[in-house]
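Student: I would like to go through this structure with you, one question at a time. Please put it up first.

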Amino acid sequence: MTIAAEALKQSRQVVDMYEAYADRYDEIVGTEPIERVKAALKRLAVEVGGNGQALEIGSGAGREADLLEELGLRVRRTDATRRFLEIQAARGKKADLLDIVTDPLDGPYDAVVALCVLFYVRRAEIGDVLGKIAQSLRPGGAFLVSMRHGDGEKNGDYQTVLWRRDDFVRLLEQAGMTVLWEEFAVNNGNGDEWITFLATKTA
């Protein structure tokens, strides 16, 4: 199987999983982001200046986008899972179907947000994906991203990729971005380690 075919298979497995799980996921996440995510989104809004156009990759049920809009940003909501688009539409929110690996992102945006989504991207594609994100940002634009922290990969019904802090920072820098802030956290529910970065595109 070619690298491109393997990437499409991986993407399809993740999307199929969320198509089946979207309604339950919407129930679990509740009506607003958890406190540390709220704080990170507020930090992003301050960096952007409290206004501007943001692209959210993997909007899911759309709760983070709701907060960003409350903070003054105009958000292009996107997801690769059609059921999430339907859930948001039922709340009167428009979201676009978008696959971060295969689809163009357009832009330029003042900010791009990708929380708990890029760890599904294979190592072979992550450099190109980060480069695409950087190209979609205006000079000085902000990128907020959270990744699973650790070594190796988790394989099951679908694959997730773990990254060490220094390795992922190096990828961000290679894409033309500079890290301004980062936060390490452990999920109280399952012990998963996460690291969140706020970076800006080099002017």
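**Helix packing and salt bridges**

Tutor: Val37, Lys38, Leu41 and Leu44 in α2 meet Glu64, Leu67 and Leu68 in α3. Contact here means heavy atoms within 4.5 Å. This is a predicted model: local features need pLDDT of at least 70, side-chain atom pairs count only at pLDDT 80 or more, and totals for chains, interfaces and linings use all residues. Residues are numbered from 1 along each chain as its sequence is written, and side-chain values use heavy atoms, with hydrogens and water left out.

Student: Are α2 and α3 oblique or parallel to each other?

Tutor: Two packed helices are described by the angle between their axes and the distance between the axes. For α2 (residues 35–48) and α3 (residues 63–70) the angle is about 40°, with the axes 10 Å apart. Angles under 35 degrees count as roughly parallel, over 145 as roughly antiparallel, 65 to 115 as roughly perpendicular and the rest as oblique. The two helices are therefore oblique.

Student: Is the crossing of α2 and α3 left-handed or right-handed?

Tutor: A crossing is left-handed if the near helix is turned anticlockwise from the far one by less than a right angle, and right-handed if clockwise. The crossing of α2 and α3 is right-handed.

Student: Lys38 forms a salt bridge with Glu32. Is Lys38 buried or exposed?

Tutor: A salt bridge is a side-chain nitrogen of Lys or Arg within 4 Å of a carboxyl oxygen of Asp or Glu. In this pair the closest N and O atoms are 2.7 Å apart. Buried means under 20% relative accessible area, exposed over 50%, partly exposed in between (1.4 Å probe, protein chains only). At 15% relative accessibility, Lys38 is buried.

Student: What is the relative accessibility of Arg77?

Tutor: Arg77 forms a salt bridge with Glu69, with 2.9 Å between the closest N and O atoms. Glu69 is partly exposed, at 28% relative accessibility. Arg77 counts as buried, at 2%.

Student: Which residues are linked with Glu69 and Arg77 in a network of salt bridges?

Tutor: The whole structure holds 18 salt bridges. The network that includes Glu69 and Arg77 also links Asp66, Arg91 and Lys93.

Note on methods
Axes are lines fitted to C-alpha atoms, for helices over the stretch in contact, and angles run from 0 to 180 degrees between N-to-C directions. Helices (H or I, at least four residues) and strands (E, at least two) are DSSP runs, numbered from the N terminus.
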